[in-house]
Amino acid sequence: MRAITHASHGGPEVTSLSNVPDPVASPGQVLVRVAGVGLNPVDAHQRTGAFKLIQPFDFPQVAGNELSGVVAAVGAGVDAFAVGDRVMARTPGVGAFAELVAVPAAVLAPAPATIPLVDAAAIPLAGLTAQQALGGDHLDLQPGERLLITGGAGGVGLFAIQLAKLAGAHVTTTASSAGREVVTRLGADEVIDYHERAVSAGPERFDKVLDLVGGDTLTDLFASVEPGAKVVNLSGPFSPGSLQPYVKGAKKLLVAGVEWASSRKVRALAKKAGASYEAFLMHADGEGLSELSSLVEQGKLEVVVDSRHALGDFPVAFERLESHRAKGKVLIAFDPSLG
């Protein structure tokens, strides 16, 4: 079968369309014939080796983290899905960018019937990330709270805006003039153009912050939070303990040192502001993904697609992803005939 693979860590030149063996559905797994896949910033980071300490690869490595498709076979012990079902998943690890993928049934969810199956690949990683960030384990967003989302026009941000409004929050987001229309349409109450001013230059004060940008944006926003505020970041620096669930053995001590040292400045800023700081990585979750699918079918959650690309044009899709200009999700159609 065909798959998008990395020959080594590096730039775009290490990625190619290759032939790899077909997988089979082991007990507890579902074999999915892939209709579409979604691209995410993590895909580029994994290719360059940014996560190799916690996620080593055996090259050649099939790329990708999310997919949609049709069930081709089910393994022993699986009764929640049947051949022919339309499904989607955030895979537990890399390996989603192939014509056939064996996926644990526990991370699979029905794809919404109200959108094209290829477009359903836009939901799993970004949708689950937003859902988990806003949920009780992290920001614990409550009705009436003032939430700041930085970088709201990206894949995670567009889901987060909508989910936050459904939760009853007042939502401010940062975006460029090009992104203003889509973030406003999806429910943002206020938009700060990051080309015009920093967040701290304005009068706004926030109870919760979901930072999707990092860097100088992250350090700046602590001047704009209320005492007791929670700040959650997805791009690092990773806070102590945030990477530990993904590390085994002797690496745990090394990673713990990296977490502590890299986040020291940010944690000091948070303490000075009377706020808390946490970075986290999302996890695959079939139950949470099913909830998102239901919201899409009810018309309460819109899936925003920036661009769709044929399989042979995958380099163009990655270029669009890494341009940081995408408004919504960049997709690759493996087999659009599946619906």
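Predicted model: local features only at pLDDT ≥ 70, side-chain atom pairs only at ≥ 80, totals over all residues.

Because Arg 185 lies in helix α5 and Glu 302 in the loop between α9 (286-297) and β15 (305-310), the pair ties together parts that are 117 residues apart in sequence. Arg 185 is partly exposed, at a relative accessible area of 42%, and Glu 302 also counts as partly exposed, at 33%.

## Further salt bridges

The structure holds 11 salt bridges, and among them is the one between Lys 165 and Asp 189, whose closest N and O atoms are 2.9 Å apart. This pair links distant parts of the chain, with Lys 165 in helix α4 (residues 155-166) and Asp 189, 24 residues apart from it, in the loop between α5 (177-185) and β11 (190-193). Lys 165 counts as partly exposed at 29% relative accessibility, as does Asp 189 at 37%.

Another salt bridge joins the side chains of Arg 320 and Asp 306, at 2.9 Å from N to O. Arg 320 belongs to helix α10 (residues 314-322) and Asp 306 to strand β15, so the pair ties together parts that are 14 residues apart in sequence.

## Strands and their pairing

An open sheet of three strands has the order β2-β1-β4, with antiparallel pairing; its edge strands are β2 (15-19) and β4, each of which pairs on one side only. Two bridges connect β1 with β4, and His 6 stands opposite Gln 61 in β4.

Elsewhere, strand β3 (residues 29-39) runs antiparallel to strand β5 (residues 66-74), to which seven bridges join it, and Leu 31 has Ala 73 of β5 as its bridge partner. Strand β5 also pairs in the antiparallel sense with strand β6 (residues 86-90), over five bridges, where Gly 69 is partnered by Val 87 of β6.

His 6, in strand β1 (residues 2-6), is buried, because its relative accessible area of 4% falls under the 20% limit. Its side chain makes a polar contact of 2.8 Å with the side chain of Thr 15, and beyond its neighbours within four places in sequence, His 6 is in contact with residues including Val 14, Arg 47, Phe 57 and Phe 59.

Leu 53, found in the loop between α1 (41-48) and β4 (61-62), is partly exposed, with a relative accessible area of 32%.

Conventions:
Residues numbered from 1 in each chain as written. Heavy atoms only, no water. Helix = DSSP H or I, 4+ residues; strand = E, 2+ residues; numbered from the N terminus. Buried < 20%, exposed > 50% of the residue type's maximum accessible area, 1.4 Å probe, protein only. Polar contact = N/O pair within 3.5 Å; in protein donor to acceptor, adjacent residues only side chain to side chain. Contact = heavy atoms within 4.5 Å. Pairing = 2+ DSSP bridges. Salt bridge = Lys/Arg side-chain N within 4 Å of Asp/Glu carboxyl O.
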